[in-house]
Amino acid sequence: MTDTFAPATRFAVPGRIAVSNRAAAVWQTATLTEIRRETPHASTFRFVVPDWAGHLPGQHLMLRLRAEDGYVAQRHYSIASHPDDAGHVELTLDHVEGGEVSGWFHTVARPGDEVEVRGPLSGFFAWPGDRPALLLGAGSGVVPLMSMLRQHRARGLSVPLRLVVSARSPEELIYTREYGAETTAVFTRSAPKGVPVGRMAAAHVAPLLAEQPAGGWEAYVCGSNGFAEHASRLLVEAGQPVDRIRIERFG
Amino acid sequence: MHVTRGFTGRPRVPDAGLPPGQYDAGDDWPVLSAEVTPDLAPADWTFRVDGLVEQPRTWDWTQAHELPSSAYEGDIHCVTSWSKFGVRFGGVSLDAFFDVVRPHVSATHVVAYSHTGYTTNLPLEDVTGGRAWIAWEYDGKPLPAEHGGPARLLVPHLYFWKSAKWIAGLRLLDHDEPGFWEQNGYHGRGNPWEEQRYSGD
Ligand SMILES: Cc1cc2nc3c(=O)[nH]c(=O)nc-3n(C[C@H](O)[C@H](O)[C@H](O)COP(=O)(O)OP(=O)(O)OC[C@H]3O[C@@H](n4cnc5c(N)ncnc54)[C@H](O)[C@@H]3O)c2cc1C
């Protein structure tokens, strides 16, 4: 009998940063200034948030919309922009079929509209830019990872960063113009000529784990739950320690 | 807050069962955990209650199943804004475990910890008096691993991050000790009816 069972501390890792609880509790007005189409189903929404406390790549915020009868809808959205874009926050939203909040953004919203946000939230998925980052994302799951990549570029960081991003097709790949040599794109339905079609696989992950940087990778996985389960299993099977895998599931 | 231009939301019927800021997820049951889903067989699952108790004890799968079974039928609410109505869980009331370990009168709080190392804190009175369970069945079937199977804590009257998946034990304390999400900015108690989402709410 394991009468002396003590909890494994492997996952009891602290968040990467301490979050400001005050910032997390206060709703602020965010004014939409720009809408950029990324793909047929995803657009980036740029906001001015004058009192934004600043965030780290990987963090998300809570956003709420209010109807005339007082009905309120609130959802979580990862922050796409990098922290040095002071006073501004960018979100990239998929247009979810029948979606209440994403539907409003994609069919009604226009520059000048105001919404409310609170955050940044959660230090767990944050990446302060200190450790080598191995990023796996699918669909809009690439949003918080792009914030990391943008920060990496903007600050000219030398710590290794690799991104493996999965999309249905090249047309549906978000931020396609921004990827460089650090990125491998995986296409599940249709791919450019000469590129195989299929799910993210061991073949994509194993080579990256073989070229371990000093101190090892900190892995960040983001996407639907199905993708998160699949990708985190690939990482574990390729030898990535479970306590160095951080997962953000969009549900 | 002012009205969002052009936002009506979906047609809706007021629902007294829906806490403020929540929506009905219907048949969906989103999975929200920050860690890799562990590969934990019932035979490897154990559940321990210790700390400020007369008789610390660890149960294995078979021993826990010998306790009187108890079901929960009702609603659950996640801090990410979805609620789920009329769900059925089967397992054992935490009271049955407490009857065996006998908490000290000085015990006021518990820290629940999982086999993955996840922790969450709760006032003792939120997990006694028929308000909390160790659940291993969902809708008459074994609880799926991604939802915390083989067994999770179930505290349905609080936001669901308190219902620690892959539950491994409870430690009784005479003070409050923030758990994983609570250290990451979430509220200490998490009552959905008072919208206690983030610390400071
Ligand atoms: C931490 C986190 C970060 C996230 N980051 C992002 C991000 O960066 N980008 C992004 O695009 N998403 C992100 N999401 C997902 C996001 O929060 C929303 O879930 C998503 O935008 C859908 O919201 P919605 O209001 O448009 O859809 P919802 O209205 O919630 O609908 C979702 C689905 O449920 C169905 N549905 C739900 N209720 C009803 C009903 N009453 N009647 C009919 N159908 C219903 C809809 O048809 C649809 O298929 C994130 C989620 C989390 C948890």
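Modeller: Start with A:Ser81. Setting aside neighbours within four places in sequence, A:Ser81 is in contact with A:His55, A:His88, A:Val89, A:Glu90, A:Ser147 and A:Arg150. Keep in mind that this is a predicted model. Where does A:Ser81 sit? A:Ser81 is found in the loop between β4 (72-78) and β5 (88-94) of chain A. Is A:Ser81 buried or exposed? Its relative accessibility is 2%, and buried means under 20%, so A:Ser81 counts as buried. One partner deserves a second look. A polar atom of the A:Ser81 side chain lies 2.9 Å from the backbone nitrogen of A:Glu90.

Now move to chain B. B:Thr58 lies in strand β3 (residues 57-60) of that chain. B:Thr58 is buried, because its relative accessible area is 1%. Its side chain makes a polar contact with the side chain of B:Arg48, at 3.1 Å.

A loop of chain B comes next. B:Gly149 lies in the loop between β9 (141-142) and β10 (152-154). B:Gly149 has 4% relative accessibility, so it counts as buried. Leaving aside neighbours within four places in sequence, B:Gly149 is in contact with B:Leu143, B:Pro144 and B:Trp166. Look along the chain too. B:Gly149 and B:Leu40 are 109 residues apart, yet their C-alpha atoms are separated by 7.9 Å.

Next, the nonpolar core. In soluble globular proteins, nonpolar side chains tend to be buried together. Here the largest nonpolar core has 45 residues. Those with the most contacts inside this core are B:Phe47, B:Val49, B:Leu94, B:Phe97 and B:Ile134. Several elements of chain B each supply at least two residues of this core, including β2 (46-51), α2 (94-101), β8 (133-138) and β11 (167-173). The largest share, 5 residues, comes from α2(B).

Not counting residues up to four places away in sequence, B:Ile134 touches several residues, among them B:Trp45, B:Phe47, B:Val92, B:Leu94, B:Phe97, B:Leu153 and B:Ile167. It also touches B:Gly90, B:Gly91 and B:Arg152.

Finish with an open space. The second largest pocket holds about 360 Å³. Of the 17 residues that line this pocket, the closest to its centre are A:Tyr71, B:Arg12, B:Leu18, B:Gln22 and B:Tyr23. What kinds of residues make up the lining? The lining divides into 10 nonpolar, 2 polar and 5 charged residues.

Conventions. Residues are numbered from 1 along each chain as its sequence is written. Chains are lettered from A and ligands numbered from 1 in the order in which they are written. This is a predicted model: local features need pLDDT of at least 70, side-chain atom pairs count only at pLDDT 80 or more; totals for chains, interfaces and linings use all residues. Side-chain values use heavy atoms; hydrogens and water are left out. On a 1 Å grid over the protein atoms alone, a cavity is a set of points where a 1.4 Å probe fits but cannot get out, and a pocket is an open set with protein on both sides within 12 Å along at least five of seven lines; lining residues have an atom within 4 Å of a point. Grid points are joined across faces, edges and corners, and a volume is the space filled by probe spheres set on the points. Ala, Val, Leu, Ile, Met, Phe, Trp, Tyr, Cys and Pro count as nonpolar, Asp, Glu, Lys and Arg as charged, and the others, Gly among them, as polar. A nonpolar core is a set of buried Ala, Val, Leu, Ile, Met, Phe, Trp, Tyr and Cys residues joined through side-chain atoms within 4.5 Å. Buried means under 20% relative accessible area, exposed over 50%, partly exposed in between (1.4 Å probe, protein chains only). Helices (H or I, at least four residues) and strands (E, at least two) are DSSP runs, numbered from the N terminus. Contact means heavy atoms within 4.5 Å. A polar contact is a pair of N or O atoms within 3.5 Å; within protein, one must be able to donate a hydrogen and the other to accept it, and residues adjacent in sequence count only if both atoms are side-chain atoms.
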